[in-house]
Amino acid sequence: MFSTLHHLPRPIPPSFTSCRVCRKIVSKRMSTNPPIEPKVRKFESVEGADVSSRRNSDGIRFRLVSYNILAQVYVKSSLLPHSPPACLKWKARSHAIFSVLKNLQADFFCLQEVDEYDSFYRSNMDSLGYSGIYIQRTGQRKRDGCAIFYKPSCAELVRKERIEYNDLVDSIKADNVSCSEKKNEISNEVKDSQKESRDLNDPLVRLKRDCVGIMAAFRINKPFQHIVIVANTHLYWDPELADVKLAQANYLLSRLAQFKTLISEEFECTPSLLLAGDFNSIPGDKVYSYLVSGNAKAAETIQGEAPIPLSSVYEVARGEPKFTNCTPGFTNTLDYIFFSPSNLIKPVSILQLPEPESPDVVGFLPNHHHPSDHLPIGAEFEISRQE
């Protein structure tokens with residue numbers, strides 16, 4: 001938990017007790033308060049899902065929130081000149097992020113750009129009753145990663161797996177190797193070229209983006225037993241490398257399909273599947289279309305249908321939000337919660353998001369009301385008892 005330290009001003013000699021000095025003392029006292037007052041919106045019922053009927057339901061209900069919290073390592077005034085400097089300091093941002101997470105009261109949090117996991121998130125989330133699993137981005141230069149926090153009182157972790165999109169590089173190398181001797185020769189050349197070359201025309205360089213994800217299976221025991229798979233990821237950002245993002249999406253779904261099969265066979269069940277994260281893709285583009293429709297025609301580089309059908313929670317409920325990322329250079333929707341639709345699971349409420357004219361987002365993010373350049377998104381799900 002946080003404890004705010006209030007530093008009292010030093011005693012002022014009588015000769016300096018002027019109005020100007022008093023104003024300085026008051027200003028100094030006020031400056032110790034966090035400069036961010038988080039704006040946390042509420043969950044609202046999905047049309048057709050009555051709140052009172054859900055309270056009386058005997059189904060499993062849980063809340064999942066996805067949030068790119070903006071890694072502090074990326075917070076620089078030169079990159080965020082529109083943001084008040086006081087809002088960019090880690091002390092203020094950490095207080096605000098913690099406040100947001102506490103107020104959202106989710107059963108599962110899928111966080112992206114987590115770079116203070118051991119020094120901040122793990123202990124503070126533990127104080128709220130959460131356990132966590134974390135994967136840091138591949139490579140030495142990137143310190144952030146993806147985390148899933150969950151309440152052991154709600155769900156028991158039974159299995160987890162890492163997703164490293166740099167594995168796509170290995171698949172390319174394997175396709176180009178005809179014998180073991182040639183493989184060793186090429187492997188050494190690739191290592192050298194990756195150290196020296198930044199040629200994006202080289203697929204081995206192009207695909208090595210150090211992005212990661214994590215997927216985990218949880219057993220929920222009350223009011224009945226059910227397995228839920230929760231996956232969290234952060235795809236590459238650059239719009240000039242749309243083919244890389246699409247390759248990552250394809251790899252992600254193939255891994256999820258394998259994981260779902262593994263869980264189904266091991267626990268002899270039909271698990272529900274949720275996928276959340278920052279996909280760096282806007283509604284209707286190739287990555288989004290591939291994820292929600294399973295239509296491989298979205299790209300010539302992918303053959304066959306997507307192995308898992310997915311629906312976007314917000315799209316199903318009320319349409320995708322107008323934006324989840326809000327900066328002067330880019331304002332649009334990049335964050336999603338997908339679920340594999342079935343007769344067993346349905347979204348019953350979603351987290352409200354601001355309109356473009358809402359006072360708390362005017363002037364772009366981060367600001368005094370939002371500690372990240374992204375907004376949290378969330379949904380409450382209900383799982384019916386399998387007959």
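Where in the chain is the place of serine 83? Serine 83 sits in the loop between β2 (60-68) and α3 (90-104). Helices (H or I, at least four residues) and strands (E, at least two) are DSSP runs, numbered from the N terminus. This is a predicted model, in which local features need pLDDT of at least 70 and side-chain atom pairs count only at pLDDT 80 or more, while totals for chains, interfaces and linings use all residues. Residues are numbered from 1 along each chain as its sequence is written, and side-chain values use heavy atoms, with hydrogens and water left out.

**Serine 83**

- Serine 83 is buried, at a relative accessible area of 5%. Buried means under 20% relative accessible area, exposed over 50%, and partly exposed in between (1.4 Å probe, protein chains only).
- Its side chain makes a polar contact of 3.5 Å with the side chain of histidine 82. A polar contact is a pair of N or O atoms within 3.5 Å; within protein, one must be able to donate a hydrogen and the other to accept it, and residues adjacent in sequence count only if both atoms are side-chain atoms.
- Leaving aside neighbours within four places in sequence, serine 83 is in contact (heavy atoms within 4.5 Å) with Leu88, Leu365 and Pro366.

**The sheet**

- Seven strands form an open sheet with mixed pairing, in the order β1-β14-β15-β2-β3-β5-β4. Two strands pair if DSSP finds at least two bridges between them.
- β1 (43-45) and β4 stand at the edges with a single partner strand each, so one side of each has no neighbour in the sheet.
- From one strand to the next, the twist averages 25 degrees.
- α3 lies across β1, β2, β3 and β14 (345-351), and runs at about 160 degrees to β2. Axes are lines fitted to C-alpha atoms, for helices over the stretch in contact, and angles run from 0 to 180 degrees between N-to-C directions.
- Helix α4 (residues 117-127) lies across β3, β4 and β5, at about 15 degrees to β5.

**Strand β5**

- β5 (residues 145-150) is mostly covered, with six of its six residues buried.
- In a regular strand, side chains alternate between the two faces of the sheet.
- Gly145, Ala147 and Phe149 point one way from β5; Cys146, Ile148 and Tyr150 point the other way.
- β3 (residues 108-114) runs antiparallel to β5 and is joined to it by five bridges. Cysteine 110 stands opposite isoleucine 148.
- β4 (residues 131-136) pairs with β5 over six bridges, also in the antiparallel sense. Tyrosine 134 has alanine 147 as its bridge partner, and glutamine 136 stands opposite glycine 145.

**Nonpolar cores**

- A nonpolar core is a set of buried Ala, Val, Leu, Ile, Met, Phe, Trp, Tyr and Cys residues joined through side-chain atoms within 4.5 Å.
- The largest has 61 residues; Phe62, Phe109, Leu111, Tyr121, Phe149 and Phe381 touch the most other members.
- Another core, of 37 residues, lies apart from it and includes Ile163, Ile227, Phe259 and Leu310.

**Helix α8**

- The 26 residues of α8 (residues 242-267) should span 38 Å at 1.5 Å a residue, and the end C-alpha atoms are 37 Å apart, which agrees. The expected span is 1.5 Å times one less than the number of residues.
- Glutamate 268 follows α8, with a positive phi near 50 degrees.
- Leucine 253 lies in α8 and counts as buried, at 0% relative accessibility.
- Leucine 253 is in contact with residues including Leu275, Tyr290 and Leu310.
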